[in-house]
Amino acid sequence: MKNSHSESYAAAGVDVTAGYEAVNRIKPLVESTYIPGVMGSLGGFGGLFAPNVAGMKKPVLVSGTDGVGTKLKIAFLMDKHDTVGIDCVAMCVNDIICSGASPLFFLDYVAVGKNVPSRIEAIVSGVTEGCRQAGCALIGGETAEMPGFYPEDEYDLAGFSVGLVDESDMIDGSTLCEGDLLIGLCSNGVHSNGFSLVRKVLLDNPKALDIYVSELGRTIGEELLRPTHIYVKSIQCLRQHGVTVKAISHITGGGLYENVPRMMKEGLTARIRTSSYPVPAIFELIQKSGDIPVRDMYNTFNMGIGLVIAIPKDQVGHALDVLARAGEQSYVIGDVIKGDAGVELV
């Protein structure tokens, strides 16, 4: 890399030496996520990982990809970039765990208008924190400097993760039956979806981010930037303690109305009691500020529930105890009934 420099490319807005500096800055962060199975080091053309499939009869790879979306606009306005990487990881690994797979590795993609190494370092610090929370390794990625495509102070962030599960241990909803109970694992706020609507109703003035709201216990900006909660280790803990997790739904874009039916099988409906758990104050603020119908709120946001799991009725006490010891706030929010609606909110 020592001889790599192009005055012509730099004049066009792409500084390759800044890219090298960014890699040097993030290398120790990346290495802090390494787990058994990681091969090679940062800087190769492909990330290498050798999964341990010992004892598995039929290993299945489960992949997930996602980005942070327009929540990034909040990061730009606040000039705070060290948490959106957690969101990026969370949106991928929370999807993977819905199939019962344990995330193995993650790759990120950062596209910037101008490569500022310190900002790249902050972004990747969030990615590595998310990987540590999920128990997976960051084994590669890409930083693309794209002058003229993105404004100099803006970027996009997306990621990709792969997990592993034995086919016999997959969670697919096939054993769901009438009478199973639904447990909701609480979110810690808006997470990473619905921000186009959030920005429309709350941020008519950028200074709104600095407003302290006593019900939130923080400013609006601080609340909106709270990173998406990662549920991987809690679900793993449930299964390790013998809880039969029959189905899981990650509550992202489309809210409860769109995501819960994805875990149901034909002829069954999830009946959710919206009064069974506390809805975070940020959602009331959004609803009142935009005069948004209640149904639209539940069809856009997670409304305080980040993950819904279905378990046998006789295991609910044990499951709630395991989740509490894992640090999760959770509630019995409904049950499985006969019907073709997919989900009913009552």
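## Ala247 and its surroundings

Leaving aside neighbours within four places in sequence, Ala247 is in contact with Ile171, Gly173, Leu176, Met263, Val308, Ile309 and Ala310. The model in which these contacts are found is a predicted one. Ala247 belongs to strand S10, which covers residues 247-250, and with a relative accessible area of 1% Ala247 is buried.

## The six-stranded sheet

Strand S10 takes part in an open sheet of 6 strands, which are arranged in the order S10-S12-S7-S13-S11-S14 with mixed pairing. At its edges stand S10 and strand S14 (343-345), each of which pairs on one side only. From one strand to the next, the twist averages 25 degrees. Helix H12 packs on this sheet and touches strand S7 (181-186), S12 and strand S13 (330-338), and the direction of H12 makes about 10 degrees with that of S7. Elsewhere in the sheet, strand S11 (residues 268-272) pairs with S14 in the parallel sense over 3 bridges, and Ala270 stands opposite Val343 in S14.

On the side of H8 the contact is made by Ser234, Cys237 and Leu238, while H12 contributes Ala319, Val322 and Leu323. Sorted by class, the residues in the contact of H8 with H12 are 5 nonpolar, 1 polar and no charged.

## The four-stranded sheet

Another open sheet is formed by 4 strands in the order S3-S6-S4-S5, and here too the pairing is mixed. Its edge strands are S3 (59-67) and S5 (137-145), each of which pairs on one side only. Neighbouring strands of this sheet are turned against each other by 15 degrees on average, with direction ignored. Strand S4 (residues 102-112) pairs with S5 in the parallel sense over 8 bridges, and Phe105 has Ala137 as its bridge partner in S5. Helix H5 (residues 117-134) packs on the sheet, where it touches S4, S5 and strand S6 (155-166), and its direction makes about 165 degrees with that of S4.

Most residues other than glycine have a negative phi.

| Residue | Phi | Relative accessible area |
|---|---|---|
| Asp291 | about 50 degrees | 70% |
| Met303 | about 55 degrees | 3% |

Asp291 is placed in the loop between helix H10 (281-290) and helix H11 (294-298), whereas Met303 is found in the loop between H11 and strand S12 (305-311). Met303, in contrast, is buried, because its value of 3% is under 20%.

How values were computed
Residues are numbered from 1 along each chain as its sequence is written. This is a predicted model: local features need pLDDT of at least 70, side-chain atom pairs count only at pLDDT 80 or more; totals for chains, interfaces and linings use all residues. Side-chain values use heavy atoms; hydrogens and water are left out. Two strands pair if DSSP finds at least two bridges between them. Helices (H or I, at least four residues) and strands (E, at least two) are DSSP runs, numbered from the N terminus. Axes are lines fitted to C-alpha atoms, for helices over the stretch in contact, and angles run from 0 to 180 degrees between N-to-C directions. Contact means heavy atoms within 4.5 Å. Buried means under 20% relative accessible area, exposed over 50%, partly exposed in between (1.4 Å probe, protein chains only). Ala, Val, Leu, Ile, Met, Phe, Trp, Tyr, Cys and Pro count as nonpolar, Asp, Glu, Lys and Arg as charged, and the others, Gly among them, as polar.
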